[in-house]
Amino acid sequence: MSVLLIAEHNNTDLRPFTFNAATAASKINEDLHVLVLGNKSDSVAKAASEIPLVKKVIHVDNEIFDNFTAENYTSTILKHVDNYSHIVCSANTFGKNLMPRVAALLDTSQVSDIVNVISEDTFLRPIYAGNAFATVKSTDKKKCVTIRPTSFDPAPSTGGSAEIVKSEPGDKFESSKFVKREEIKSDRPELGTARVVISGGRGMQNSDNFKLISAIADKLNAAIGASRAAVDAGYITNDHQVGQTGKVVVPDLYIAVGISGAIQHLAGMKESKVIVAINKDGEAPIFSVADYGLEADLFEALPQFLEELNKLNSIQK
Amino acid sequence: MKILVAVKRVIDYNVQVRVKDDGTGVVTDNVKMSTNPPDDNAIEEAVKIKESGKAKEVVAITIGDDKAQETVRKALAVGADRGIHVKVDGIVEPLAVSKILKKIVEKENPDLVFMGKQAIDDDCNQTGQMLAAILNWPQATFASKIEVKEKSLEVTREIDEGLETIEVNIPAIVTCDLRLNEPRYASLPNIMKAKKKPLEQLNASDLGVDTKARIEQIKVEEPPKRKAGIKVASVSELVQKLKNEAKVI
C-alpha cells in the first residue's frame, strides 16, 4: 500500500513544511505520492515531482482550491484515497483544519501530531503539552496521520522527476466562503524553520520594546517569537506565538526574554538544541529548561547583548 | 437561534502532569480538574451572543464519566440555560465524540455548535472538524473573532501566516481560540442557581454510538529530560559561551 501526502502550498511554491512531512511520510512507506490541489498551480506540481522521495504526483487544478478551504479539499481528497493505506499532512494550522474532516468521512480515528514513525501503524506523539509521550497503534484500515514538521528533517527538494498525473476535482462546497487573508509579511526567516529564534514575553511590557528584540534578531538572522501572554496583551501579532496552542519550534538556538516559562510555552520550544533564558526573576521556571540562564533586567541585558554581538568578528547566519 | 456548546473536563492547565510508573497513562488521582480552557471561551461567546439578543438558548453538553457533570454545572453558572451529560467511562476518541455530538445535534437542532479548538489533555484538535464533516456543515476553526449576521457568521481565524476571514452559512461549527474573548467568572449566587437548571443524562450506548477505541495506547512515557544548564554572570559571558562552547552564533 502507498502513502498519500496532501501538499501545502500558496499556488506558486510548496510551503516549507511539506518537505518535512515528505520525510515522515516516506518513513511510513516508501511508495509516496503527493496530491496537489490548487488554482493555476503547475509550478507546485512540478516542485513536488522534483522531491526525490516522491514517486508520483496527482495534480488537480481548479479555481475552487484558490483559498485551500478544508471543505473543498475534502471532497476531492476522498475521490483519490482508494489505493492508499495512509493519508498524511503537516500538523500546522493547514493540516489541523483539514485532516479531521477527511478522517471522519473515512470513519478513521486520526493520529495527530506524530513526532516519530515506529512502524506503518505505530507512532509516537506528545500529549499534555509534551509532558508525556504516547506510543499509539492505529487499528483502522485507512490511517489519517498529521506530522509535527519540526520533528523531521526537510526532504531534499531537487533531483527527482516523478510522473505528474492530472485529475478532476470533487464537488464544490457551497456553504462556506473565503473573505480575506491578512498575512504578515516579513523579511525574517519563518518562525517554524528558523535556525535561531528570539522570543519576548510579558516582561517586554509593550510592543515598542520589541524593538530591542528585533535589533538582535537582525544581527542573528533570527525569527521573532512570543509567549501567549505577550500576544494576548497585544504587544505582537498571533503568528509569533510559540507554545501548546501556537507554533512548535526546534531551532539550534532559542532565546527567551522576559518569559516566565509556563508549561504551555515550554511545550512549544523545549526541544530546541540550545536554550537561553534572560529573566530578572531567578526562580522563573524557564531557567529549568535553559542551558544558559542570565538573571538580569532585560532592559539592561538586551542592549548589552547587541553590543557584545557587534564586537564579534563573525556571526553564523 | 440555539447554540450547543461542547465542554470537556481535563486536568487543570496549571498542573504539572506526571506519567504513571507503569506507563499506562498519566496520574489523575487527587489531581485538580477543570474545564478545557478554550471550551470556556466557547461558552463565553455563546452566552455573549445570547445576551446580545441574537440567540435564544445556550445548551452545554459534556461527554465523560459522572464527574464530567462539573463542567456542565460550571457552564450553567456562567449563563448556559440547560445541560446534557452523555455518560461514557474511559477514553473516548474524537471520532466517537463527534458521532455522539451528531446524535445530540439531530435531537436538539441547534443552529450553531461551539467548542474549544483543542483539548489540552490529548492535544488532538479534531472533534469540531469531524463533527462538521459528518453533518456536512461548514467549519470555522481557531476562531478569534465571530460576527453574527442574519444567516451566516463572519469568522476571523488564527492561522500560521496571520489571520484569515471566512463566512460560513448557518448551521455551522465553530472551534474557539483562547483569544476569542475573556471568559467570565461564575458568581456564588449564579453557582447556586446553576444547581437548579435542568441537566439531562444520557448514555452513549442508548444513542447507538460505538465508542470502542480505534487507537491502542501502547505506552506513555516521560519526555526526555534536558540536562541541567548553568547560570551565567554577565552578558559577555553568555555571548562567549554561545560562540565558543555551544557554537551556535
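How many bridges pair strand β15 of chain A with strand β16 of chain A, and in which sense do they pair? Strand β15 (residues 274-279) of chain A and strand β16 (residues 292-295) of chain A pair over four bridges, in the parallel sense.

## Model and conventions

This is a predicted model, in which local features need pLDDT of at least 70 and side-chain atom pairs count only at pLDDT 80 or more, while totals for chains, interfaces and linings use all residues. Residues are numbered from 1 along each chain as its sequence is written, and chains are lettered from A and ligands numbered from 1 in the order in which they are written.

Helices (H or I, at least four residues) and strands (E, at least two) are DSSP runs numbered from the N terminus. Two strands pair if DSSP finds at least two bridges between them.

## The six-stranded sheet

The pair β15(A) and β16(A) belongs to an open sheet of six strands, in the order β13(A)-β12(A)-β14(A)-β15(A)-β16(A)-β13(B), with parallel pairing. The edges are β13 (223-226) of chain A and β13 (230-232) of chain B; each has a single partner strand, so one side of each is left without a neighbour in the sheet. Direction ignored, neighbouring strands of this sheet are turned by 20° against each other on average.

Helices from both chains pack here. Helix α5 (residues 210-220) of chain A lies across β12 (196-200), β13 and β14 (253-257) of chain A and runs at about 175° to β12(A). Helix α6 (residues 235-245) of chain B packs on the sheet and touches β15 and β16 of chain A together with β13 of chain B, its direction making about 170° with that of β16(A). Axes are lines fitted to C-alpha atoms, for helices over the stretch in contact, and angles run from 0 to 180 degrees between N-to-C directions.

## Contact between the chains

In total, 73 residues of chain A are in contact with 64 residues of chain B, where contact requires C-beta atoms, placed from the backbone, within 7 Å. The side of chain A that touches chain B is made up of 31 nonpolar, 23 polar and 19 charged residues. In this division Ala, Val, Leu, Ile, Met, Phe, Trp, Tyr, Cys and Pro count as nonpolar, Asp, Glu, Lys and Arg as charged, and the others, Gly among them, as polar.

## Chain B overall

Chain B has six helices and 13 strands. Its C-alpha trace spans about 65 × 45 × 40 Å along the principal axes. Of the 249 residues of chain B, 48% count as buried; a residue is buried if 20 or more other C-beta atoms lie within 10 Å of its own, exposed if 12 or fewer, and partly exposed in between, with C-beta atoms placed from the backbone. Among contacts in chain B between residues at least 6 apart in sequence, 69% join residues at least 24 apart.

Five of the six residues of strand β1 (residues 2-7) of chain B are buried. β1(B) runs parallel to strand β4 (residues 57-64) of chain B, joined by six bridges, and V7(B) stands opposite T62(B) in that strand. β1(B) also pairs in the parallel sense with strand β6 (residues 112-116) of chain B, over four bridges; there V5(B) has F114(B) as its bridge partner.

L153(B) lies in strand β8 (residues 152-159) of chain B. L153(B) counts as buried because 21 C-beta neighbours lie inside 10 Å. Leaving aside neighbours within four places in sequence, its contacts include A140(B), I146(B), V168(B) and V174(B).

## Helices α3 and α4 of chain B

Helix α3 (residues 94-108) and helix α4 (residues 127-135) of chain B pack with their axes 9 Å apart, at an angle of about 50°. That makes α3(B) oblique to α4(B); angles under 35 degrees count as roughly parallel, over 145 as roughly antiparallel, 65 to 115 as roughly perpendicular and the rest as oblique. The residues of this contact divide into nine nonpolar, two polar and two charged. Among them are L95(B), L101(B) and V105(B) in α3(B), and M130(B), L131(B) and I134(B) in α4(B).

Key
Contact = placed C-beta atoms within 7 Å.
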